[in-house]
Amino acid sequence: MSEKKSSDFTLIFIVTLLVIFGIIMVFSSSYYYALAKNGDAYYFLKRDLIWALAGFAAMFIASLVSYKIYRKIAPVLFVISIILLLLVFSPLGVEI
């Protein structure tokens, strides 16, 4: 991997802005609910920040993998995705 890979910084910038905007919106709408239910007004903010960081780490790791590997496993992932989508109609879950 001696080649230096270039990233699409516009896409990364837009994704980052959308994630930050979403975290701010969730925080502003859940502040009092989290304070009343959990005693910690920042409960959902902390949780969302952790998941956002995990998502950015996964995005970074996925960007290091060659697209040729993705082309090889794409049909298998497609079939798995269709099966998981069809499981929505099965009685395996709990209806609330």
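Is Val15 buried, exposed or partly exposed? Val15 is partly exposed, because its relative accessible area is 28%, which falls between the 20% and 50% cut-offs. This residue belongs to helix α1. The model is predicted.

## Overall fold

The protein has three helices and zero strands. Along the sequence, the pattern reads α-α-α. The radius of gyration is 19 Å, well over the 12 Å that the globule rule gives for 96 residues, so the protein is more spread out than a compact globule.

The C-alpha atoms fill a box of roughly 50 × 40 × 20 Å along the principal axes. Of the 96 residues, 6% are buried.

## Helix α1

Helix α1 covers residues 9-38 and contains Ser30. Ser30 counts as buried because its relative accessibility is 10%, below the 20% cut-off. A polar atom of the Ser30 side chain lies 2.6 Å from the backbone oxygen of Val26.

Ala36 is also placed in α1. Its relative accessible area is 67%, so Ala36 is exposed; the cut-off for that class is over 50%.

## Helix α2

Helix α2 runs over residues 43-64, and Ala57 lies within this span. Ala57 has 38% relative accessibility, so this alanine counts as partly exposed.

Tyr43 also counts as partly exposed, with a relative accessibility of 34%. Phe44 is buried: its relative accessible area is 16%, under the 20% limit.

## Helix α3

Helix α3 comprises residues 67-86, 20 residues in total. From first C-alpha to last, the helix reaches 27 Å. That is close to the 28 Å expected at 1.5 Å a residue.

The helix is bent. At Ile73, α3 bends by about 50°. A proline, Pro75, follows within four residues.

## Aromatic pairs

How many aromatic pairs does a search of the whole structure find? The search finds six. One of them is Tyr33 with Phe44, a stacked pair with 6.2 Å centre to centre and 20° between the planes. This pair links distant parts of the chain: Tyr33 sits in helix α1 and Phe44 in helix α2, 11 residues apart. Tyr33 is partly exposed, with a relative accessible area of 47%, whereas Phe44 is buried at 16%.

Phe44 also forms an aromatic pair with Tyr43. That pair is edge-to-face, with 5.0 Å centre to centre and 75° between the planes. Phe44 therefore has two partners here: Tyr33 in a stacked pair and Tyr43 in an edge-to-face pair, and its 16% relative accessible area makes it buried. Elsewhere, Phe27, Tyr31, Tyr32 and Tyr42 form one aromatic cluster.

## Salt bridge

The structure holds one salt bridge. Asp40 and Lys46 form it, with the closest N and O atoms 2.9 Å apart. That distance is within the 4 Å cut-off, so the contact qualifies.

## Distances across the model

Ala57 and Val26 are 31 residues apart in sequence and 21 Å apart in space. Val15 and Ala74 are 59 residues apart along the chain, and 23 Å separates their C-alpha atoms.

For Ala36 and Phe60, the sequence gap is 24 residues and the C-alpha separation is 36 Å. Ala36 is the exposed residue of helix α1 described above. Ala57, by contrast, is partly exposed at 38% and belongs to α2.

How values were computed:
Residues numbered from 1 in each chain as written. Predicted model: local features only at pLDDT ≥ 70, side-chain atom pairs only at ≥ 80, totals over all residues. Heavy atoms only, no water. Salt bridge = Lys/Arg side-chain N within 4 Å of Asp/Glu carboxyl O. Helix = DSSP H or I, 4+ residues; strand = E, 2+ residues; numbered from the N terminus. Buried < 20%, exposed > 50% of the residue type's maximum accessible area, 1.4 Å probe, protein only. Polar contact = N/O pair within 3.5 Å; in protein donor to acceptor, adjacent residues only side chain to side chain. Expected span 1.5 Å × (residues − 1). Bend = angle between axes of the 7 residues up to and from the residue. Phe/Tyr/Trp six-rings, centres within 6.5 Å; stacked < 30°, edge-to-face > 60°. Rg over C-alpha atoms; globule rule 2.2 N^0.38 Å.
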